[in-house]
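Have the sequence and the picture ready as you read.

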Amino acid sequence: MNNYDIAVVGAGPVGSTFARYMAEEGFKVGLMERKRKIGVPLQCAGLVGKKIKRLNVLPDEFVLNRVCGAHLHSPSGEVLSVAKKKPEAYVLDRMGYDKFLAELAVENGVELLLNHKVVGADIKTGDIRVKNQEKNISTNVIVGADGYSSIVSGEFNPPSKTVQAAQYLVDMGSNVLESDYVHLYVDSRISPGFIWVIPVSESTARIGLFASAGYRELTEILDGFLVKNEKFRNASVIKKYHGLIPVYDPKKMIQKDRALLLGDAASQVKPTTGGGLIMGFKCARIAAAATSNALHEGDIGLLRNYERSYMKEYKNELRIQIEVRKIFESMSNEELDKMFLKLEKGGAEAMISKYGDMDVQSALIKQMLKSGLLFSILPGILTRRISNLWK
């Protein structure tokens, strides 16, 4: 007899959300987390698009700040400013929110198993091995929501490629932040990564970056950034965080036999920014529909519909973002500066303000193609590569 209908490995926000969906349908769900506490340490910038409120429960107590726009900085200091009249993004208390989602899953019937480190999973039989447990846990469906180093993913995928991220929580001291704007700084040293300044309040901010570099190099860049910028020169660092972000891999299998993957374990992250919470919540819903159908029909083979539905939803958007990432990777600081100047002259601020979306970037790229702006700022071969994505 199986312990569970569904066993979810990893009690992050996506895993907890999926577990809740399945428990709401009456399935017996186990949610296993290797840590003793949910949500710690913080390993996220915590900035998410406003559509999160349409995709999941988000009490206002976990919204620390609301953001209406962004200032985009070139290497030499050129600035593009984009904004909308209403908040476009929320700055979250991610540690509190992650804990809330896990507790919400428990309230809906999920069994939460803390300090359960999964060390192996048989995706054919549904047996899961947990460290220091005498007996295996058995289940009909195994869901890997256990991050970039997923044990479940490792049963049928090579290890994920990752990039390093580092972030400081800083106190601005006497300097006051424009709390409804984020700042993004591009630099060829870290492309396609960038430096972000996300205001938590008028006096505190999260300042971080990600890149294909080591943690020591990233902190040296961050320290240099704080010294170089007068606004942040007197800021004091309250806390330091670091972590790894999976790189989106179009070849990654996200479903096989009795297993499926979600969130970072499935490399469901935006190729341009590494963010993945909105995509993860959408995929939790897609996966829940496929899993429910498979269990109700008594046909595990129907789990394959999860990957099909996922690709139908995201394939084109992710292909476009991959091309954008490749373009930024190839550009020098001089080329980035020239691009900013052309964008400013071409009216990009108004265009980005109207069509820009944190999570769906294809609409903006398509508009830039239609207007001819993309042709003016990029070499012809790169523009043609992006244009061909719609053919």
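Predicted model: local features only at pLDDT ≥ 70, side-chain atom pairs only at ≥ 80, totals over all residues.

## A walk through the model

Valine 14 is buried, because its relative accessible area is 9%, and buried means under 20%. You will find valine 14 in helix H1 (residues 13-24). Which residues does valine 14 contact, leaving aside its neighbours within four places in sequence? The answer is Leu262, Gly263, Gly280, Phe281 and Ala284. Take alanine 284 as an example: along the chain, valine 14 and alanine 284 are 270 residues apart, yet their C-alpha atoms are separated by 6.4 Å.

### The nonpolar cores

Next, look at the inside. The largest nonpolar core has 72 residues, and Ile6, Phe18, Ile52 and Leu262 are the ones that touch the most other members. Helix H5 (residues 277-297) supplies the largest share of this core, with 12 residues. Leaving aside neighbours within four places in sequence, isoleucine 52 is in contact with Leu58, Tyr90, Leu92, Tyr97, Leu277, Ile278 and Phe281.

How many aromatic pairs does a search of the whole structure find? There are nine. Two of them are set out here.

| Pair | Arrangement | Centre to centre | Angle between planes |
|---|---|---|---|
| Phenylalanine 62 and tyrosine 97 | tilted | 6.1 Å | 45 degrees |
| Tyrosine 185 and phenylalanine 225 | edge-to-face | 4.8 Å | 75 degrees |

The pair of phenylalanine 62 and tyrosine 97 links distant parts of the chain, 35 residues apart. Phenylalanine 62 lies in the loop between helix H2 (52-55) and strand E4 (63-67), while tyrosine 97 belongs to helix H3 (residues 94-107). Both phenylalanine 62 and tyrosine 97 are buried. Ring pairs also bring in Phe100, giving a cluster of Phe62, Tyr97 and Phe100.

The pair of tyrosine 185 and phenylalanine 225 also links distant parts of the chain, 40 residues apart. Here strand E13 (residues 181-186) holds tyrosine 185, and helix H4 (residues 215-228) holds phenylalanine 225. Both tyrosine 185 and phenylalanine 225 are buried.

The charged end of lysine 28 sits over the ring of tyrosine 4, 5.6 Å from the ring centre. Likewise, the charged end of lysine 53 sits over the ring of tyrosine 90, 5.7 Å from the ring centre.

### A helix with two sides

Now turn to helix H7 (residues 333-345), which has 13 residues. From the first C-alpha to the last, H7 reaches 19 Å, close to the 18 Å expected at 1.5 Å a residue. Which residues of H7 are buried? They are Leu336, Asp337, Met339, Phe340 and Leu343. Seen down the axis of H7, these buried residues fall within an arc of 160 degrees, so they line one face of the helix. The general rule behind such a pattern is that an α-helix has 3.6 residues a turn, so residues three or four places apart point the same way. On the face of H7 turned away from its buried side are the exposed residues Glu334 and Lys345. After H7 comes glycine 347, with a positive phi near 80 degrees.

Most residues other than glycine have a negative phi, and most peptide bonds are trans.

Asparagine 132 has a positive phi, near 65 degrees. Its place is the loop between strand E10 (127-130) and strand E11 (137-144). Is asparagine 132 buried or exposed? Asparagine 132 counts as exposed because its relative accessibility is 72%, and the cut-off for exposed is over 50%.

Aspartate 257 has a positive phi too, of about 50 degrees. Aspartate 257 lies in the loop between strand E17 (255-256) and strand E18 (259-261), and at 28% relative accessibility it counts as partly exposed.

Finally, the peptide bond from serine 191 to proline 192 is cis, with omega near 10 degrees. Proline 192 is in the loop between E13 and strand E14 (194-199).

Key: Residues numbered from 1 in each chain as written. Heavy atoms only, no water. Phe/Tyr/Trp six-rings, centres within 6.5 Å; stacked < 30°, edge-to-face > 60°. Helix = DSSP H or I, 4+ residues; strand = E, 2+ residues; numbered from the N terminus. Buried < 20%, exposed > 50% of the residue type's maximum accessible area, 1.4 Å probe, protein only. Lys NZ or Arg CZ within 6 Å of the ring centre and 35° of its normal. Core = buried A, V, L, I, M, F, W, Y, C linked by side-chain atoms within 4.5 Å. Contact = heavy atoms within 4.5 Å. Expected span 1.5 Å × (residues − 1). Arc of directions from axis to C-beta.
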